[in-house]
Amino acid sequence: MLPADTPVLFALIIVSLATSVIVALRYFASSGLFAWITQKVRPGLYDGQGAQIGREIRWSLVAAVIYGAPAGIMLWCWNHLGWTQLYADLAAFPLWYLPLSVFLYLFAQDTWFYWTHRAMHDPRLFKILHKVHHDSRPPTAWTAMSFHWLESVIGAALIPIMVFLVPIHIAMLAAVLTIATIMGVTNHMGWELFPHRLVHSPLGQWVITASHHEKHHEEYRCNFGLYFRFWDRLCGTDRGFSKRMVEGGTPHRVKV
Ligand SMILES: [Zn+2]
Ligand SMILES: [Zn+2]
């Protein structure tokens, strides 16, 4: 903990650096874990992609600072000013609000992602903002945070704003960030983690897993969602699953 008389700007820089390091470590832990599992269950899937993975890690470390710094500032505001809508007392809201708050955050993030992502597929914006992410062909477990720094700024903007507006228990915010991390990694890792029965169940018609996002990386102009297929289905941009994924995946993916 920093002494109480630490100058505010200095304290904000230290806290932001600390949260950036935490986001970077979270990236290495989650992507590293799923890359290791991939090596076990789909040996050779990332063969020949070493240079791409190096690029993905470099962009992801830039993203870690862009995601981490506002998180640090937000935590400082919560601790010192009480400005945010974060709460730690379970009795502050009814228990049913806990899962509802997680859903509200995920749905808001999904909506923000769908529309900004779709806009970034406009050819003029694509070149500047989104090409970096699609330079991963095909994506890997390391692609989850591989974005141009401007795209990271856009992606990182929503949650720090939401915590000032929509109440959420600190543990539920941790749950949202954990879901974001795990789905971000597994949706890019090149094989379907979830059982075939679940992906093809009614739930799979509404929730996005790797089979759905891989199709976005194959065809670009469809499947723009993050967690849910709601906006894609409503706006006619949902083209279902990657055929290769549905067929169970081949050990070596066709490079496009
Ligand atoms: Zn992607
Ligand atoms: Zn895209």
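1. Axes here are lines fitted to C-alpha atoms, for helices over the stretch in contact, and angles run from 0 to 180 degrees between N-to-C directions. The model is a predicted one. Two packed helices are described by the angle between their axes and the distance between the axes.

2. Start with helix 2, residues 50-80, and helix 5, residues 149-156. They pack at an angle of about 30°. Their axes lie 9 Å apart. Angles under 35 degrees count as roughly parallel, so helix 2 and helix 5 are roughly parallel to each other. Their crossing is right-handed.

3. Which residues make this contact? Helix 2 supplies Val62, Ala63, Ile66, Tyr67 and Pro70. Helix 5 supplies Trp149, Ser152, Val153 and Ala156. By class, the contact of helix 2 with helix 5 has eight nonpolar residues, one polar residue and no charged ones.

4. Now take helix 1, residues 8-41, against helix 2. The angle is about 130°, and the axes are 6 Å apart. Helix 1 and helix 2 are therefore oblique to each other. The crossing of helix 1 and helix 2 is right-handed.

5. Look at the residues between helix 1 and helix 2. On helix 1 they include Ala11, Leu12, Val15, Ile22 and Tyr27. On helix 2 they include Ser60, Leu61, Tyr67, Gly68, Gly72 and Trp76. By class, this contact has 17 nonpolar, six polar and no charged residues.

6. Follow Tyr67 of helix 2. Tyr67 takes part in the contact with helix 5. Tyr67 also belongs to the set that meets helix 1.

Conventions
Residues numbered from 1 in each chain as written. Chains lettered and ligands numbered in written order. Predicted model: local features only at pLDDT ≥ 70, side-chain atom pairs only at ≥ 80, totals over all residues. Helix = DSSP H or I, 4+ residues; strand = E, 2+ residues; numbered from the N terminus. Parallel < 35°, antiparallel > 145°, perpendicular 65-115°, else oblique. Left-handed = near helix turned anticlockwise from the far one by under 90°. Contact = placed C-beta atoms within 7 Å. Nonpolar A, V, L, I, M, F, W, Y, C, P; charged D, E, K, R; others polar.
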